[in-house]
Amino acid sequence: MVLIIFSINIVYVTFFTIRMIMTLKGYRYLAAGVSMIEVVIYIVGLGLVLDNLDQLQNLIAYALGYGSGVIIGSKIEEKMALGYITVNVITSEAGEYLPKMLREKGYGVTDWNANGRDGGRQSMQILTPRKMELKLYKAIQEIDPKAFIIAYEAKTIHGGFWVKTVKKGNLYK
């Protein structure tokens, strides 16, 4: 019984975590489908615990399954990598070479000259699918290991050549 409760709660919370992330990223219909499965699993698991409330090991299994489900759900979401990120890069070393190289790799790069504490800098804003995030960081760091990088999630994108390219499925080919 303990193993069943533990396993059910892992599955339930994994679904819960994925559903929440899908909802936040705007995949509401897919999230609704996941939530229907999630609630059935939740009711079955909670029912098993409530029917055997006098057994402390069932409560412990429920709690451990819950915590494990959060970790597993987060790991699955990392692999799914839904959505887009915007990466701001500031470099003093690479000059015009870095934006050009990133554009050749298919990234949408807007760049401009900037001033920092120690003088002139090259600043860039790059939009990319989250699935390409680590490849982008690697490409930047190969050219300028000292580049200053800040990334944040892009909730809405509209306009520009890059969006058209993404919709056609031609990005990074």
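Hi everyone, and two housekeeping points before we start. Because the model is predicted, local features need pLDDT of at least 70, side-chain atom pairs count only at pLDDT 80 or more, and totals for chains, interfaces and linings use all residues. Residues are numbered from 1 along each chain as its sequence is written, and side-chain values use heavy atoms, with hydrogens and water left out.

Let's begin with the helices. UniProt, in an unreviewed entry, places the feature "transmembrane region" at residues 6-22 and 29-50. Those positions follow the numbering used here, the feature names are shortened, and such annotations may be inferred rather than shown by experiment. What does the chain look like over residues 6-22? It is 100% helix and 0% strand there, with the end C-alpha atoms 24 Å apart. Residues 29-50 are also 100% helix and 0% strand, and here the end C-alpha atoms are 31 Å apart. When I say helix or strand, I mean a DSSP run: helices are H or I with at least four residues, strands are E with at least two, and both are numbered from the N terminus.

Now for some aromatic rings. A pair of aromatic rings is described by the distance of the centres and the angle of the planes. In our case, rings of Phe, Tyr and Trp (its six-membered ring) pair if their centres lie within 6.5 Å; planes under 30 degrees apart count as stacked, over 60 as edge-to-face and the rest as tilted. The structure holds three aromatic pairs. One of them joins Tyr-12 and Tyr-42, and it is tilted, at 4.9 Å centre to centre with 40° between the planes. This pair links distant parts of the chain, with Tyr-12 in helix α1 (residues 2-24) and Tyr-42 in helix α2 (residues 28-51), 30 residues apart. Tyr-12 is buried, with a relative accessible area of 9%, while Tyr-42 is partly exposed at 30%. The cut-offs are under 20% relative accessible area for buried, over 50% for exposed, and partly exposed in between, using a 1.4 Å probe and protein chains only. Ring pairs also link Tyr-12, Phe-16, Tyr-42 and Tyr-66 into a cluster.

On to the sheet. Strands of a sheet pair through backbone hydrogen bonds, either parallel or antiparallel. For us, two strands pair if DSSP finds at least two bridges between them. Four strands form an open sheet in the order β2-β3-β1-β4, with antiparallel pairing. β2 and β4 (148-154) stand at the edges, each with a single partner strand, so one side of each is left without a neighbour in the sheet.

How many bridges join β2 (residues 108-116) to β3? There are nine, and Trp-112 stands opposite Ser-123 in β3. A hairpin of two residues connects β2 to β3.

Helix α4 (residues 97-104) lies across β1, β2 and β3, running at about 170° to β2. For that angle, axes are lines fitted to C-alpha atoms, for helices over the stretch in contact, and angles run from 0 to 180 degrees between N-to-C directions. Contact itself means heavy atoms within 4.5 Å.

Last, the cores. A nonpolar core is a set of buried Ala, Val, Leu, Ile, Met, Phe, Trp, Tyr and Cys residues joined through side-chain atoms within 4.5 Å. The largest has 16 residues, and those with the most contacts inside it are Val-89, Leu-102, Ile-126 and Ile-140. β1, α4, β3 and α5 (133-143) each supply at least two of its residues, and α5 gives the most, with four. A second, separate core of five residues includes Ile-18, Ala-31, Val-34 and Leu-82.

Let's finish on Leu-82, which sits in the loop between α3 (56-80) and β1 (84-91). Is Leu-82 buried or exposed? At 14% relative accessibility, Leu-82 counts as buried. Leaving aside neighbours within four places in sequence, Leu-82 is in contact with Met-22, Lys-25, Tyr-27, Glu-77 and Arg-130.
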